[in-house]
Amino acid sequence: MAVLKAVSGQLFLYKKIDKTKYFVINVEKNYIHERKSVILYSYIQKKVLPLFSRRRIMSYQSHEYYLRRAIEVSKEARAAGNTPFGALLVDKEGNILMEQPNIEITEKICTGHAEATLAARASHEYSREFLWDCTLYTTAEPCAMCAGAIYWANIGRVVYGMTERRLLELTGSNEQNPTFDLPCREVFARGQKDIQVVGPVKEVEVEAAKVHEGFWD
Ligand SMILES: [Zn+2]
């Protein structure tokens with residue numbers, strides 16, 4: 001009989017092997033501490049992980065679906081006292097691996113844009129090869145810095161809600177966000193990787209801009 005336990009917010013599965021030995025697996029990270037039995041390993045992979053890891057049961061949704069979630073994250077950023085931007089990292093199966101609001105004001109990090117912060121976190125957690133098959137969803141087109149961060153993280157695709165030019169109309173010359181006027185496709189075009197760019201996504205452009213209402217006045 002296997003037992004599930006939450007330790008420091010992480011889920012571990014314990015299976016008694018004999019009187020003294022336990023097989024322990026970190027369910028979230030799919031990390032096995034002690035591999036004693038191939039049969040048990042395959043049982044956990046097939047039967048147990050799908051029950052406890054949301055990552056394994058989601059299929060790829062539409063761009064609007066992920067952008068709407070990113071817009072929710074941008075609202076959280078604004079509510080927390082930051083600029084209203086949000087980003088997600090989605091794997092090739094459609095699982096949301098990470099969510100990241102803008103953190104530049106509360107954390108006092110001038111590079112704390114949602115996408116650059118997400119790219120740095122992603123590179124800490126995942127390999128470059130894995131990230132090449134992932135997509136970064138963001139409410140507004142990445143600035144030159146964030147496009148650079150995405151490039152260095154090796155994230156293969158970017159999908160954005162509204163254009164940087166539309167954002168520039170909203171922010172104007174606001175000191176907190178003197179927006180660039182440089183499409184991310186132009187930044188990527190000067191690099192050596194074929195990063196795919198999708199956007200603006202017209203179904204969510206208005207919703208993405210709405211979160212900015214009254215913020216830059
Ligand atoms: Zn940026």
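Which residues of helix α5 (residues 144–153) are buried? They are C146, A147, A149, I150, Y151 and A153, where a residue counts as buried if 20 or more other C-beta atoms lie within 10 Å of its own, as exposed if 12 or fewer do, and as partly exposed in between, with C-beta atoms placed from the backbone. The structure is a predicted model, in which local features need pLDDT of at least 70 and side-chain atom pairs count only at pLDDT 80 or more, whereas totals for chains, interfaces and linings use all residues. Residues are numbered from 1 along each chain as its sequence is written.

Of its 217 residues, 32% are buried. Among contacts with a separation of 6 or more, 53% involve residues 24 or more positions apart, a contact being a pair of residues whose C-beta atoms, placed from the backbone, lie within 7 Å.

The cover over the buried residues of α5 includes α3 (114–125), α4 (128–132), β7 (135–140), β8 (157–162) and α7 (184–189). Two of these elements, β7 and β8, run parallel and are joined by five bridges; strands are taken to pair if DSSP finds at least two bridges between them. L136 has V158 of β8 as its bridge partner. From β7 the chain passes through α5 to β8, and this β-α-β crossover is right-handed, meaning that, with the strands pointing away from the viewer, the path from the first strand over the helix to the second runs clockwise. Because five of its six residues are buried, β8 is largely enclosed by the rest of the structure.

In soluble globular proteins, nonpolar side chains tend to be buried together. Here the largest nonpolar core has 42 residues, among which Y137 and I150 touch the most other members; such a core is a set of buried Ala, Val, Leu, Ile, Met, Phe, Trp, Tyr and Cys residues joined through C-beta atoms within 7 Å. At least two residues of this core come from each of α2 (63–79), β5 (86–90), α3, β7, α5, β8, α7 and α8 (202–210). Leaving aside residues up to four places away in sequence, I150 touches E115, A119, L136, P142, I155, V158 and I195.

The axes of α2 and α8 come within 10 Å and cross at roughly 5°; axes are lines fitted to C-alpha atoms, for helices over the stretch in contact, and angles run from 0 to 180 degrees between N-to-C directions. The two helices are therefore roughly parallel, the class for angles under 35 degrees. Their contact is formed by E64, L67, R68 and I71 of α2 with E203, V204, E207 and A208 of α8.

Some backbone details lie in the loops. N154, in the loop between α5 and β8, has a positive phi of about 70° although it is not a glycine, and with 20 C-beta neighbours inside 10 Å it counts as buried. K108, in the loop between β6 (96–101) and α3, also has a positive phi, near 50°, but is exposed, with 8 other C-beta atoms within 10 Å. In the loop between β9 and α8 lies P200, joined to G199 by a cis peptide bond with omega of about 0°.

Methods. Helices (H or I, at least four residues) and strands (E, at least two) are DSSP runs, numbered from the N terminus. Two residues are in contact if their C-beta atoms, placed from the backbone, lie within 7 Å. Angles under 35 degrees count as roughly parallel, over 145 as roughly antiparallel, 65 to 115 as roughly perpendicular and the rest as oblique.
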